[in-house]
Amino acid sequence: MAKSKPLGLAWRSNTLFIVSTVGIGLFTDLFLYGLVVPILPFMLRDRVNLPEDQIQSYVSALLAAYAGASVCSSLPAGIIADRVPTRQTPFLVGLVALLAATLMLFLGQSIPVLILARVLQGVSAAVVWTIGLALLLDTVGPENLGKTIGSIFGFISIGELAAPVLGGVVYKKAGYPGVFGIGFAILAIDFIMRLLLIEKKTAAKWEKQDDGTVDDSEQQDGGTATGEDGDDNEEEPLLRKKEEDGYKVPEGQSKVVRSFPILYVLKDPRLLTAFLLAFNQATLLSTFDATIPTEAEELFGFDSLKSGLLFIALVLPYLIMGPLAGWLVDRYGPKPAAVLGFGYLVPVLILLRLARPGGTSAIVIFCALLSLCGVGMGVIGSPSIVEASYVVSQYDKANPQFFGEQGPYAQLYAFNSMVFSLGLTVGPLISGGLRDRIGYGNMNAVIAMLCLITTLLSIVYIGGKPKFLRRR
């Protein structure tokens with residue numbers, strides 16, 4: 001007897017619902033991460049009874065456990081996701097790991113338990129980012145990936161930046177139960193949405209079984225192919241053939257490369273530059289997280305709550321510019337956004353040296369400078385993912401048998417997650433050390449130089465070499 005069609009198939013496989021589910025998943029990961037960070041010192045003091053002079057080192061160890069687990073788990077998560085028939089199952093498993101981590105953080109009263117909880121939190125982050133981005137690509141296609149990523153990144157940045165403030169405030173008012181009560185409520189919403197989700201390819205099988213319609217994936221492929229055919233009418237066939245040959249994988253690859261085909265693509269300079277964009281984006285985000293509170297305390301005497309409110313100036317432009325920049329990336333390609341975004345951040349970061357101690361006018365100037373930074377952060381949010389996805393899709397189209405039925409996209413996003421996590425880890429270390437040694441203004445000048453290097457590499461590699469370089 002054939003299985004009956006799932007209830008609510010249409011809305012459960014709707015693009016908006018799937019994108020919202022992925023967005024909530026990414027939001028939950030960053031929100032719970034940020035929610036717990038402000039209370040870690042109190043947990044170590046009150047529950048574990050650590051001496052005051054050991055708390056900072058153990059807080060750093062707990063943060064490192066999260067980052068290390070995320071980096072180490074990303075590639076296995078990508079490999080598994082590309083080899084299982086549905087992405088929903090590993091997506092749910094990642095949430096189970098996050099639920100276990102949150103429970104252990106809530107109840108744990110020893111260092112090993114807290115470290116294990118942070119490791120599970122890092123594993124969950126690797127899974128949700130790797131599987132979530134692959135699921136987005138499956139759902140919206142490469143032609144809509146930019147604006148989708150831009151919108152989601154703007155949304156989840158609220159969770160990343162507001163959670164530490166909320167965690168600190170709720171802890172003061174309601175203690176640990178209040179903080180973790182918020183966490184469990186968001187986890188419940190996330191779990192229900194992931195459980196209800198039906199992937200496009202799964203829904204297409206039911207629709208085809210019912211009325212003989214073509215798979216959504218086939219329709220998407222057809223649409224993409226039609227667009228390419230249209231391009232063929234505009235471009236010389238020989239030029240396109242030459243371009244496709246550049247993505248061909250030669251015969252005789254090693255067993256390791258055949259088992260993990262994404263490794264072959266890693267030598268492509270366009271993909272490596274896209275990863276550099278992701279690394280620098282994460283480095284900038286974590287630099288702001290690490291230095292704005294300390295600088296606000298030093299300049300204006302702000303406490304944790306007032307310092308947290310400063311992030312509103314950074315987030316609001318991000319929310320506005322993220323979707324707009326993503327739409328521009330989809331329409332004009334990732335090069336203009338990457339070049340203009342990172343190039344724009346160079347003078348803006350240098351201008352942060354204008355921040356001075358003072359009253360209302362000094363605070364307004366600092367907020368205005370943070371808002372300018374938020375504009376740039378919104379612009380650079382999507383070029384990395386879009387460029388990386390395009391490069392890998394070209395290899396996948398040129399070598400369909402080499403990369404398998406689902407392609408190497410989850411493996412790609414696993415590497416992207418590793419690079420992004422590395423940026424989140426390195427950013428505070430670099431910025432904190434530089435700020436202590438050479439001051440806040442000079443620290444931002446160094447970060448600006450990194451943006452300048454990224455701008456130059458984006459001109460050369462992102463979206464392909466410019467015409468004046470191709471002629472040489």
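Student: Which residue forms a salt bridge with E387?
Tutor: The partner is R270, and the closest N and O atoms of the two residues are 2.7 Å apart. Please keep in mind that this is a predicted model.

Student: Are E387 and R270 buried or exposed?
Tutor: E387 is buried, and R270 is buried as well.

Student: How many salt bridges does the count come to?
Tutor: The count comes to five salt bridges. One of them joins the side chains of R87 and D138, at 2.6 Å from N to O.

Student: What does the pair of R87 and D138 tie together?
Tutor: R87 sits in the loop between α4 (52–83) and α5 (88–107), and D138 belongs to helix α6, residues 111–140. The bridge thus ties together parts that are 51 residues apart in sequence.

Student: And their accessibility: what are the values for R87 and D138?
Tutor: R87 has a relative accessible area of 0%, so this residue is buried. D138 has 27% and is therefore partly exposed.

Student: Back to α13. Which residue forms a salt bridge with E295?
Tutor: R435 does, with the closest N and O atoms 2.8 Å apart. R435 lies in helix α19, residues 409–438, and E295 in helix α13, so this pair ties together parts that are 140 residues apart in sequence.

Student: Which residues are joined with E295 in one network?
Tutor: Salt bridges that share partners join E295, E298 and R435 into one network.

Student: Are E295 and R435 buried or exposed?
Tutor: E295 has a relative accessibility of 5% and so counts as buried. R435, with a relative accessible area of 15%, is buried because the cut-off for that class is under 20%.

Student: What else is E295 in contact with?
Tutor: Leaving aside neighbours within four places in sequence, E295 is in contact with F366, R435 and Y440.

Student: New topic, then. How many aromatic pairs does the count come to?
Tutor: The count comes to eight aromatic pairs. In one of them, the rings of F106 and F184 have their centres 6.1 Å apart and their planes at 70°, so the pair is edge-to-face.

Student: Which helices hold F106 and F184?
Tutor: F106 is in helix α5 and F184 in helix α7, residues 145–196. The two are 78 residues apart, and their pairing links distant parts of the chain. F106 is partly exposed, with a relative accessible area of 25%, and F184 also counts as partly exposed, at 25% relative accessibility.

Student: How are the rings of F300 and F302 arranged?
Tutor: Their centres are 5.4 Å apart and their planes are at 45°, so that pair is tilted. F300 is buried, and F302 is too.

Student: Which residues do ring pairs link into a cluster?
Tutor: The cluster consists of F106, F180 and F184.

Student: Now the cysteines. How many disulfides does a search of the whole structure find?
Tutor: The search finds zero disulfides. C373 is in no disulfide, and the nearest cysteine sulfur, that of C451, is 9.3 Å away. C373 counts as buried because its relative accessibility is 0%, whereas C367, at 22%, counts as partly exposed.

Student: Last one: how many residues does helix α2 have?
Tutor: Helix α2 spans residues 15–36 and has 22 residues. From its first C-alpha to its last, α2 reaches 32 Å, close to the 32 Å expected at 1.5 Å a residue.

Student: What caps the N-terminal end of α2?
Tutor: N14 does: a side-chain oxygen of N14 lies 2.8 Å from the backbone nitrogen of L16.

Methods:
Residues are numbered from 1 along each chain as its sequence is written. This is a predicted model: local features need pLDDT of at least 70, side-chain atom pairs count only at pLDDT 80 or more; totals for chains, interfaces and linings use all residues. Side-chain values use heavy atoms; hydrogens and water are left out. Helices (H or I, at least four residues) and strands (E, at least two) are DSSP runs, numbered from the N terminus. The expected span of a helix is 1.5 Å times one less than its number of residues. A polar contact is a pair of N or O atoms within 3.5 Å; within protein, one must be able to donate a hydrogen and the other to accept it, and residues adjacent in sequence count only if both atoms are side-chain atoms. A disulfide is a pair of cysteine sulfur atoms within 2.5 Å. Buried means under 20% relative accessible area, exposed over 50%, partly exposed in between (1.4 Å probe, protein chains only). Contact means heavy atoms within 4.5 Å. A salt bridge is a side-chain nitrogen of Lys or Arg within 4 Å of a carboxyl oxygen of Asp or Glu. Rings of Phe, Tyr and Trp (its six-membered ring) pair if their centres lie within 6.5 Å; planes under 30 degrees apart count as stacked, over 60 as edge-to-face and the rest as tilted.
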